[in-house]
Amino acid sequence: MFARTASRITPYLAEGSRAAGIMAAGDVLAQTLVEKKDFKDIDYVRTIKFGSLGLLFVGPTLKYWYALLDRSISTNQNRLQRTVKKMLVDQAIMAPALNLSITALVGVINEESSDTIKERIKVQYPDIMKNNYMLWPAVQMINFSIVPLKYQVVFVQLVAVIWNCFVSQLLNDKNAVKQ
């Protein structure tokens with residue numbers, strides 16, 4: 001029984017671990033390239049917190065989502081139709097939900113008040129979604145058309161290094177929301 005449970009959990013842990021590393025890398029890039037901090041001045045607690053979202057939430061969620069999406073969109077159509085449908089469903093359902101969750105969870109892990117988290121969502125979530133729709137539909141068209149299912153989370157997470165840099169910098173900007 002333990003072996004069976006472990007074999008079901010292992011792929012989610014693997015995706016979570018990859019997502020954690022990639023999200024942490026995005027945060028380090030945000031701190032060094034965007035915020036212009038010296039490497040010695042990096043807020044490693046912030047990096048660990050942001051990376052933990054990848055481990056516990058983003059990686060496992062995307063692993064489950066891509067498998068569900070692959071099973072749910074009929075294979076009885078040409079490749080382009082299936083790819084477009086997957087991208088549209090992904091961007092209509094997962095993109096808003098995932099970005100909203102991350103926006104709120106950053107506030108939670110930073111121990112912000114519920115009022116500050118609500119303000120963060122009100123102020124920052126629309127900007128995140130606007131930028132999401134400038135990047136992710138094209139990325140997902142590539143992902144769903146040529147990347148094998150078992151590598152789709154990895155592909156998305158590699159592109160997400162830059163995305164996570166943007167999101168981390170935005171969501172950790174203490175001046176962006178009223179405290």
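**Reading the model by its definitions**

Q: What makes the radius of gyration of the protein agree with that of a compact globule?
A: The radius of gyration is taken over C-alpha atoms, and the globule rule is 2.2 Å times the number of residues to the power 0.38. For 179 residues this rule gives a value near 16 Å, and the protein has 17 Å, which agrees. Along the principal axes, the C-alpha atoms fill a box of roughly 50 × 40 × 30 Å.

Q: On what kind of model do these values rest?
A: The model is predicted: local features need pLDDT of at least 70, side-chain atom pairs count only at pLDDT 80 or more, and totals for chains, interfaces and linings use all residues. Residues are numbered from 1 along each chain as its sequence is written, and side-chain values use heavy atoms, with hydrogens and water left out.

Q: How many helices and strands does the protein have?
A: Helices (H or I, at least four residues) and strands (E, at least two) are DSSP runs, numbered from the N terminus. By this rule the protein has five helices and zero strands, and its pattern along the sequence is α-α-α-α-α.

Q: Why is Ile128 called buried?
A: Buried means under 20% relative accessible area, exposed over 50%, and partly exposed in between (1.4 Å probe, protein chains only). Ile128 has 1% relative accessibility and therefore counts as buried. This residue is placed in helix α4. In the protein as a whole, buried residues make up 42% of the 179 residues.

Q: Which residues are in contact with Ile128, leaving aside its neighbours within four places in sequence?
A: Contact means heavy atoms within 4.5 Å. On that basis, Ile128 is in contact with Asn99, Thr103, Trp163, Phe166, Leu170 and Leu171. Ile128 and Leu171 are 43 residues apart in sequence, and their C-alpha atoms are 9.5 Å apart in space.

Q: What share of the contacts between residues at least 6 apart in sequence joins residues at least 24 apart?
A: In the protein, that share is 74%.

Q: What makes a set of residues a nonpolar core, and which members of the largest one touch the most others?
A: A nonpolar core is a set of buried Ala, Val, Leu, Ile, Met, Phe, Trp, Tyr and Cys residues joined through side-chain atoms within 4.5 Å. The largest has 25 residues, of which Leu62, Tyr66 and Ile102 touch the most other members. The elements giving two or more residues to this core are α2, α3, α4 and α5 (152–171). Not counting residues up to four places away in sequence, Ile102 touches Phe57, Val58, Val167 and Leu171.

Q: Why is Lys118 called exposed?
A: Lys118 has 56% relative accessibility, so this residue counts as exposed. Lys118 lies in helix α4. Its C-alpha atom is separated by 16 Å from that of Met129, 11 residues apart along the chain.

Q: Is Ile73 buried or exposed?
A: Ile73 counts as buried, because its relative accessibility is 12%. This residue is placed in the loop between α2 and α3. Apart from neighbours within four places in sequence, Ile73 is in contact with Arg82, Lys85, Lys86 and Val89.

Q: Why is Leu149 called partly exposed?
A: The relative accessible area of Leu149 is 35%, so the residue is partly exposed. Leu149 lies in the loop between α4 and α5. Not counting residues up to four places away in sequence, it touches Tyr66, Ala67 and Asp70.

Q: What is the phi of Lys36 and of Glu111?
A: Most residues other than glycine have a negative phi. Phi is positive in Lys36, near 60°, and also in Glu111, near 55°. Lys36 lies in the loop between α1 (2–34) and α2 (44–72), while Glu111 lies in the loop between α3 (79–109) and α4 (114–146). Lys36 counts as exposed because its relative accessibility is 65%; Glu111 is exposed, with a relative accessible area of 72%.
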